[in-house]
Amino acid sequence: NENISDTASAKIEQKTEKETVKTENHNLPQIEAGVYSTIALKKDGTVLSTTIHKSEDNRGQNNVKNWENIIQVSSNEYHTVGLKDDGSVISTSINTSNDTGQAEVDRWTDIVQVSAGTWHTVGLRKDGTVISTFIDDMYDFGQGDVDDWTDIIQVCAAWDHTIGLKTDGTVVSIGYEKDGRCSVSGWRDIIAISAGRFHSIGLRKDGTVISTEILDKKENFGQTEVAEWSNV
């Protein structure tokens, strides 16, 4: 679907001189709200962060002041990741009891988009495949099992699930499935996706929005009430 690809896909251009990966978001300002910090990407490729005042909540999520040549950032509960203009990825370090390997991205290459989940990080490669950090503990719900995904143009990592937008406007999902957050197989004509802790949402090309249900009532705070939205 040409319209979907033009709208949602990161257009890649490889520069042979400097081996620089470019995307549509290259050098555009961006702000990102993590759980304990707020991150801002400046036009010059450097990154700003708010200060975390409570020491017990500080796992280094805001240690980004020396980052350079960044073209996209993503932050979640315990870490922040940045995509560099050469297709490599940088992450803040955790090294606490909350470290499940989600910051181990230093060997990634040819990446065009990154997304930080709570317990994992996913990266979209320029060939449309997806890579994830490895989770080896009680928080592994399969949210990193994305090795067989292809034709992906956008990824989003959440607490215990991951969703991916395909070139044909459909959506794939993996992870904790019992409460409905991964129920996206019937979605069509999607041009953008996002994932919260308990739900997934998709923007249709007609400007309407679709969401998964939250079957666990104690976790439903109205975050899926988007059925009447239009012109988004």
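In which loop does N69 lie? N69 lies in the loop between strand 5 and strand 6 (70–75). Helices (H or I, at least four residues) and strands (E, at least two) are DSSP runs here, numbered from the N terminus. The model is predicted: local features need pLDDT of at least 70, side-chain atom pairs count only at pLDDT 80 or more, and totals for chains, interfaces and linings use all residues. Residues are numbered from 1 along each chain as its sequence is written, and side-chain values use heavy atoms, with hydrogens and water left out.

The backbone at N69 takes a positive phi, near 60 degrees, in a residue other than glycine. N69 counts as partly exposed, at 41% relative accessibility. Buried means under 20% relative accessible area, exposed over 50%, and partly exposed in between (1.4 Å probe, protein chains only). N231 is not a glycine either, and has a positive phi of about 55 degrees. N231 belongs to the segment after strand 17. At 73% relative accessibility, N231 counts as exposed.

Salt bridges were searched for over the whole structure, and four were found. The criterion is a side-chain nitrogen of Lys or Arg within 4 Å of a carboxyl oxygen of Asp or Glu. One of them joins the side chains of K126 and D110, at 3.9 Å from N to O. This pair links distant parts of the chain, 16 residues apart. K126 sits in the loop between strand 10 (121–125) and strand 11 (130–132), and D110 in the loop between strand 8 (89–91) and strand 9 (111–116). K126 is partly exposed at 39% relative accessibility. D110 is partly exposed at 33%.

A further salt bridge joins R181 and D160, with an N to O distance of 2.5 Å. The two residues are 21 residues apart and again link distant parts of the chain. R181 is placed in the loop between strand 14 (171–175) and strand 15 (190–195). D160 is placed in the loop between strand 12 (152–157) and strand 13 (161–166). R181 and D160 are both buried. A network of salt bridges links D160, D179 and R181.

K205 and D189 also meet through their side chains in a salt bridge, at 3.9 Å from N to O. K205 lies in the loop between strand 16 (200–204) and strand 17 (209–211) and D189 in the loop between strand 14 and strand 15, so this pair ties together parts that are 16 residues apart in sequence. The relative accessible area is 44% for K205, which is partly exposed. D189 is partly exposed too, with 35%.

Two strands pair if DSSP finds at least two bridges between them. Strand 3 and strand 4 (residues 38–41) run antiparallel and are joined by four bridges. E32 stands opposite I39 in strand 4. The loop between strand 3 and strand 4 holds Y36. Y36 is partly exposed, at 29% relative accessibility. Y36 and N58 are 22 residues apart in sequence, and their C-alpha atoms are 7.8 Å apart in space.

Strand 13 and strand 14 pair in the antiparallel sense over five bridges. T162 stands opposite I174 in strand 14. The hairpin of these strands has four residues between the strands, and G169 there takes a positive phi near 90 degrees. In a regular strand the side chains alternate between the two faces of the sheet. Strand 14 has a covered face of V171, S173 and G175, and an uncovered face of V172 and I174.

The lining of the second largest pocket consists of S132, T133, F134, I135, D140, G144, D145 and D147. Two of these lining residues are nonpolar, three polar and three charged. Ala, Val, Leu, Ile, Met, Phe, Trp, Tyr, Cys and Pro count as nonpolar, Asp, Glu, Lys and Arg as charged, and the others, Gly among them, as polar. On a 1 Å grid over the protein atoms alone, a pocket is an open set of points where a 1.4 Å probe fits, with protein on both sides within 12 Å along at least five of seven lines; lining residues have an atom within 4 Å of a point.
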